[in-house]
Amino acid sequence: MKKSETLLERPASVTKAATMKALVFHGPGRRGWEDKPRPVVQQPTDAVVRITTTTICGTDLHILKGDVPTVTPGRILGHEGVGIVEEVGTGVSRFHKGDKVLVSCITSCGTCRFCRKGMYSHCEDGGWVLGHVIDGTQAEYVRIPHADTSLYAVPPAADEDALALLSDIFPTAFECGILNGQVKPGDTVAIVGAGPIGLAALVTAQLYSPSEIIMVDVDENRLRVAQSLGASRIVPAVGEEAVRAVKAATHGAGVDVAIEAVGVPATFDVCQAIVGPGGHIANIGVHGSPVELHLEKLWAHNITLTTRLVDTVSTPMLLDLTLARKLEPRKLVTHRFDLGEAMKAYDTFSNAARERALKVVLQNRA
């Protein structure tokens, strides 16, 4: 992903002497909580935001596994958060010092050919850059390029736990799973993977009134949570056993929409095996290794297969629903830590099954 030089960070030698604490990636399996230079405005369209709430994403774990080689050692991780505007460039018109804002996981210039199509994820001077090719939100401060089109104003008293989940996980689940899968009233939907992203897909699928939502996972705790959030059927199995259970539940027909919410070959295989004729396979998972596409079985079944990097075009709508309490993202939050406990928070999130962790929130109380 080629980005113009306007987005790239200047060397630390030209930044202010002030430092901050941040969660830093040092290569596969290595991370540290350490001092880094505090970011400053570098372009007229920049804003610097003091992070008040952030969270850890499954993508961060993929980075730590080495699945995303474009993330280089020394990078501050994180692409989700809520905060207070600390400083703005001369070209920022929508935000001012002291404003409370939601940080979008996708940076958008708003004017390039992709942004004009609503494909903000492929912005020629943005896209997924935070915690990827520029420093991210798991820090006391973060620089936000193209602030006017990459931040959302939120009420001062709004629930930050809920808002933090609107940075990425909810628009990702909704856009990549529900919209791409074309979920409609009466559909039978199977979501393979009951982690946070799969549960967000479960919650947002209900906006379209499917007749049945089947959750597939081996984690009994997550399946219980899925039932409490509206799953009509759970399948505590993997592989062929899961396929047989879903086929039995649909009387052999398969599902209208199969949503892959893990990012490994085994779960993608399940989706291929359970989708019915004319159905959709909607991939959400971040895949770090190749998968096998069984066209020898699917070619004649009128299957639609979609992939997507979230564009966050749905964020304003999801934000309105959350502020109106029609959507409750905070139900996915299971653990809260002070920002300074980021290393402990990663340990918890990395051992989600043992810790019964879904979303882990970090709060900057300073």
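**Legends to close-up views of the predicted model**

**Figure 1. Overall fold and its contacts.** In this predicted model, 70% of the contacts between residues at least 6 apart in sequence join residues at least 24 apart. The protein comprises 13 helices and 15 strands. Its radius of gyration is 20 Å, close to the 21 Å given by the globule rule for 366 residues, and the protein is therefore as compact as a globular protein of that length. The C-alpha trace spans about 65 × 45 × 40 Å along the principal axes.

**Figure 2. Surface, burial and charge.** Of the 366 residues, 57% count as buried. The accessible surface of the protein amounts to about 15,400 Å², and carbon and sulfur atoms contribute 52% of this area. The protein carries 37 positive and 40 negative charges, whose mean positions lie 2 Å apart.

Figure 3. The buried residues are Ile169, Phe170, Pro171, Thr172, Ala173, Phe174, Glu175, Cys176, Gly177 and Ile178.

Figure 4. Strand S6 is formed by residues 141–144. From this strand, Tyr141 and Arg143 point one way, whereas Val142 and Ile144 point the other way; all are buried. Side chains in a regular strand alternate between the two faces of the sheet. Strand S3 (residues 47–55) runs antiparallel to S6 and is joined to S6 by four bridges. In one of these views of the pairing, alanine 47 has isoleucine 144 of S6 as its bridge partner.

**Figure 5. Strand S8 and its pairing with strand S9.** Five of the five residues of strand S8 (residues 188–192) are buried, and the strand is therefore largely enclosed by the rest of the structure. Thr188, Ala190 and Val192 point one way from S8, while Val189 and Ile191 point the other way, with burial on both sides. S8 pairs with strand S9 (residues 212–216) in the parallel sense, over five bridges. Within this pairing, alanine 190 stands opposite isoleucine 214 in S9.

Key:
Residues numbered from 1 in each chain as written. Predicted model: local features only at pLDDT ≥ 70, side-chain atom pairs only at ≥ 80, totals over all residues. Heavy atoms only, no water. Helix = DSSP H or I, 4+ residues; strand = E, 2+ residues; numbered from the N terminus. Rg over C-alpha atoms; globule rule 2.2 N^0.38 Å. Buried < 20%, exposed > 50% of the residue type's maximum accessible area, 1.4 Å probe, protein only. Contact = heavy atoms within 4.5 Å. Areas by Shrake-Rupley, 256 points an atom, 1.4 Å probe, with all protein chains shown as cover. Lys, Arg positive; Asp, Glu negative; His and termini not counted. Charge placed at Lys NZ, Arg CZ, Asp CG, Glu CD. Pairing = 2+ DSSP bridges.
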